[in-house]
Amino acid sequence: MAMLAADLSSERRSDWSLPVAVYGVYLAVCVFAFHSTALAMAQTWLSSSSYHHGVAVAPLALIMILSRPRIDPATGPLGLVAVSAGAFLWLAGAAAGVALVEQFAFVTLLIAGAWAMFGASAAKLWALPLLFLYFMVPFGEVLVPALQTFTAKAVAAMLTLVGTNAAIDGTFIRTQAGLFEIAEACAGLNFLLAALMIAWVYASQTLHGFKTRIFFIAIAAAVALVANFLRALLLILAATLSDMRFAVGPDHLVLGFVFYALVFVVLFWIGAKMKAPNGVGPEHAPVRARRAWRFSIAAAAFLPVMAASAYATFVIDAVNTASLERPALLNAPGWRLLEPPRNWAPSINADHVEAATYDKAGERVYLYLGFFSHDRPDKEIVNALNAPADGETWRKIAGRKDVVYLFGESNEIALDILAGPDRRRLLVATAYWRGDDIYTNKTAFKWAQMKDKLNGSNPPGGIVMIAADYADDPAEALARIRAFTSDIERFDMWRNRMRRVS
């Protein structure tokens, strides 16, 4: 923000020097207090091609702010409320172990700090550039499965509409030419983020009126989604009609780039039509502050940041010396215990993992158990690293929910459909436990974890994955899983066998 002071006229420079300096210190304190969150974001920007744009977000936001008219700096008391809310949100995210919430809260603190340091007039004038900072948060990965599913369904429907027979199996589409997969790279996340960012900057710098700008950004999102559907449709059609001679090699990428370039041309044409006739908007007049700048209000913004950091250090992250309880497989009367499956192994980053195959009259299910002495950053119970599919040999192609009788209770449970080698399919049911409670819902587990950690408690926990393979219909596998879960011992009996020996 030092550039901001340099850009102002000499008679105004003294008015801005202290607010900019204090905000600079505030930024440094936020980065230091929440360094793990800031570092995780930066590492994602550098390591993932989907988020390289994160490096450019802050400079672009600053350029957009500098293009606004000059204003008188004034502290905003309501900004302190936003800072406190951001600090508490970060604390809740840290306790729940949800990186996305932590990162969202971190950026919220940067925005709320600008509101507190420079006032409500500045926050209103800079609203779009400040909100643009949320693009620093690597939020798109959570959308990928949904984008894959929507794209596959939309493309299959459009193929049928144009007269090409298409069958859908999760994220796979089969035509007479062969099998096509809507992979993660084909989900359209990169293009959606690019379209949103470009539209955001274009709207901020070219269009006038907040509603007009938001409307254009919404149009850009819709155009990006539809464009990705059409791109996948054209590629599959080209490959099908050419009997797999086109759109399956390097030309696949070339066609995609050309198509996306045309989409941006259309998007800018829409933007040009939305410009104000005279090109002049209300933001071209200087803004006068309604109140004076007060150092006491600006300094108060530091307190929630430091309090949240201290609480996380001395309560949430306090060293847990609990040792790992004695791991134990599940007892299932009537089922024969066999060696662990050789053709499937989930990704589980636990302190200890147990696995086995259970057989009853030729019907088999596979069990994997992950044991954690306590939840912590490098060993989180509910985490993207703990998944039924390893991402290489096995890939998730669909998901569903169904009711399963597990540990003496009937609950709706998440079921993942995996695709493996030789067109094999696997249905996996996943549940979690923490202390003396079992959870079949990730959100409920995270909520319980957050409350435990905020109260200074961090009991042992774990993961239960039960799988069965099938040939044609996942209902076959679900019936086998239900038969097994109906026969296993109660949760309290299993937990009692795992208690530590004093």
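Predicted model: local features only at pLDDT ≥ 70, side-chain atom pairs only at ≥ 80, totals over all residues.

Trainee: Which residues does M117 touch, not counting residues up to four places away in sequence?

Mentor: Its partners come from several stretches of the numbering. Leaving out residues up to four places away in sequence, M117 touches A298, A301, F302 and W293, plus A74 and T75, and also P19, V22, Y23 and Y26.

Trainee: How many residues are in the largest nonpolar core?

Mentor: A nonpolar core is a set of buried Ala, Val, Leu, Ile, Met, Phe, Trp, Tyr and Cys residues joined through side-chain atoms within 4.5 Å. Buried means under 20% relative accessible area, exposed is over 50%, and partly exposed is in between (1.4 Å probe, protein chains only). In the largest core, Y26, M117, F118 and W126 have the most contacts, and its residue count is 83.

Trainee: And how many residues are in the second, separate core?

Mentor: That one includes F371, A398, A431 and I488, and its count is 36.

Trainee: Is I413 buried or exposed?

Mentor: I413 is found in strand β8 (residues 409-419); helices (H or I, at least four residues) and strands (E, at least two) are DSSP runs, numbered from the N terminus. I413 touches R400, K401, D402, V404, L406, A429, T430, A431 and T440, not counting residues up to four places away in sequence. Its C-alpha lies 7.1 Å from that of T430, 17 residues apart along the chain. Because its relative accessibility is 2%, I413 counts as buried.

Trainee: Why are the buried residues of α4 on the same side?

Mentor: In helix α4 (residues 54-66), the buried residues are G54, V57, A61, L62, M64 and I65. The arc is that of the directions from the helix axis to the C-beta atoms. Those residues are on the same side of α4 because they cover an arc of only 160°.

Trainee: How far apart are N and O in the salt bridge of E325 and R495?

Mentor: A salt bridge is a side-chain nitrogen of Lys or Arg within 4 Å of a carboxyl oxygen of Asp or Glu, and the structure holds 18 of them. E325 sits in the loop between α14 (302-316) and β4 (336-338), and R495 in helix α17 (residues 491-498), 170 residues apart. E325 counts as buried at 10% relative accessibility, and R495 is buried too, at 2%. The N to O distance in their salt bridge is 2.5 Å.

Trainee: Which residue forms a salt bridge with D452?

Mentor: In this pair, the closest N and O atoms are 2.9 Å apart. D452 lies in helix α15 (residues 442-454) and its partner in strand β9 (residues 425-434), so the pair ties together parts that are 18 residues apart in sequence.

Trainee: Which residues are linked with E363 in a network of salt bridges?

Mentor: Here the pairing goes beyond a single couple. The residues linked with E363 are R424, D469 and R480.

Key. Residues numbered from 1 in each chain as written. Heavy atoms only, no water. Contact = heavy atoms within 4.5 Å.
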